[in-house]
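Good morning, everyone. Today I would like to speak about disulfides. Please look at the sequence and the structure as I show them.

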Amino acid sequence: MRVYASASKSRSRMWIKILLPILFIFHFSSPITAIRKDIGFQTFPLCKTTVQGRYFLSDDNGYVCNALSVNSRSRCCPQTGEKFSCHGCNPFSQCCNSYEYCVSCCLNPALTSKELVLKMKVAKPATARTYASVFDYCAGRCRHSSESVVHENAYMSDFHHCFSLPSNSSTGKNNTLIEARLNGINVVVGRQGESCNSVCRLRGQSCVPNKLAVLNHCDIIQKYMSCKGSCLASVGADQPAEVVYDAPNHLNPGSCLFTQSQSILSCDGLHQHTRRLCPCA
């Protein structure tokens, strides 16, 4: 019995030695008042950049830089130099001789309306989508624009990177900007019953189909034609045009005509009672 009691006392002393430090810690330690939730890895803002050029690129902050100076983590250009630079750009036509500076200039909120851009449709109506950001619009629009091409296989000038909204979009652009898209184009009033192909051929030139939409505005038509009978919306491949004065009354003699169906505009279109307004080059 003495041996058992001695062993029991030894075990009791051992537990006391173990528990005392634990009780001491709990007694004197301060209570936990909060748990930190801000512990994590440091994050870096990521930029979208163009990939068109070999030496330069532009980011979605509006900076242009040498490709070698891009931050390897964020893919952003150093924020030095001019933001939204329009170096080598024509402010009226909104066309540039450099793709990267075209994107940078286009990103300027004073030149490109975010509200309008994000509502624009991309591609044909059947498969249309909208742009996810102004940068996506600028990067795509500056890369290619049918309005900077003549004869479908050549650029009208070195300033062929254009970011202006398409001429058939309802943006309320002023006449100065619309006319700037006609640089290099001879606007010719045809004779009664002639197609634009015939009108331009007589001048030793060709009709430029993608410029018909630029001419298809009342303010532009009225600059070249009298339009004494007003400017009316109509449907026809011979438009924009003016109805000749000896036309039947139901055709509104003297009126100018534009079409709201841009897709039917054609250089081949003609009508026996109209004179066409033609873009030749």
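C218 has a relative accessible area of 22%, and because buried requires a value under 20% and exposed one over 50%, this cysteine counts as partly exposed. Please keep in mind that the model is predicted. The partner of C218 is C231, and the sulfur atoms of this disulfide lie 2.1 Å apart. C218 belongs to helix α8, residues 218-224, and C231 to strand β11, residues 231-234, so the bond ties together parts 13 residues apart in sequence. With a relative accessibility of 18%, C231 counts as buried. The torsion about the S-S bond of C218 and C231 is about -90°, and the disulfide is therefore left-handed.

How many disulfides does a search of the whole structure find? The search finds twelve. Let me turn to two further examples.

C106 and C138 form a disulfide with their sulfur atoms 2.0 Å apart. This pair links distant parts of the chain: C106 sits in helix α2, residues 99-106, and C138 in helix α4, residues 134-143, 32 residues apart. C106 is buried, at a relative accessible area of 0%, and C138 is buried at 0% as well. Here the torsion about the S-S bond is about -75°, so the disulfide of C106 and C138 is left-handed.

C65 lies in strand β2, residues 64-66, whereas C77 lies in the loop between β2 and β3, twelve residues apart. Are these two cysteines buried or exposed? Both C65 and C77 are buried. Their S-S torsion is about -70°, which means that this disulfide is left-handed.

Methods: Residues are numbered from 1 along each chain as its sequence is written. This is a predicted model: local features need pLDDT of at least 70, side-chain atom pairs count only at pLDDT 80 or more; totals for chains, interfaces and linings use all residues. Side-chain values use heavy atoms; hydrogens and water are left out. A disulfide is a pair of cysteine sulfur atoms within 2.5 Å. Helices (H or I, at least four residues) and strands (E, at least two) are DSSP runs, numbered from the N terminus. Buried means under 20% relative accessible area, exposed over 50%, partly exposed in between (1.4 Å probe, protein chains only).
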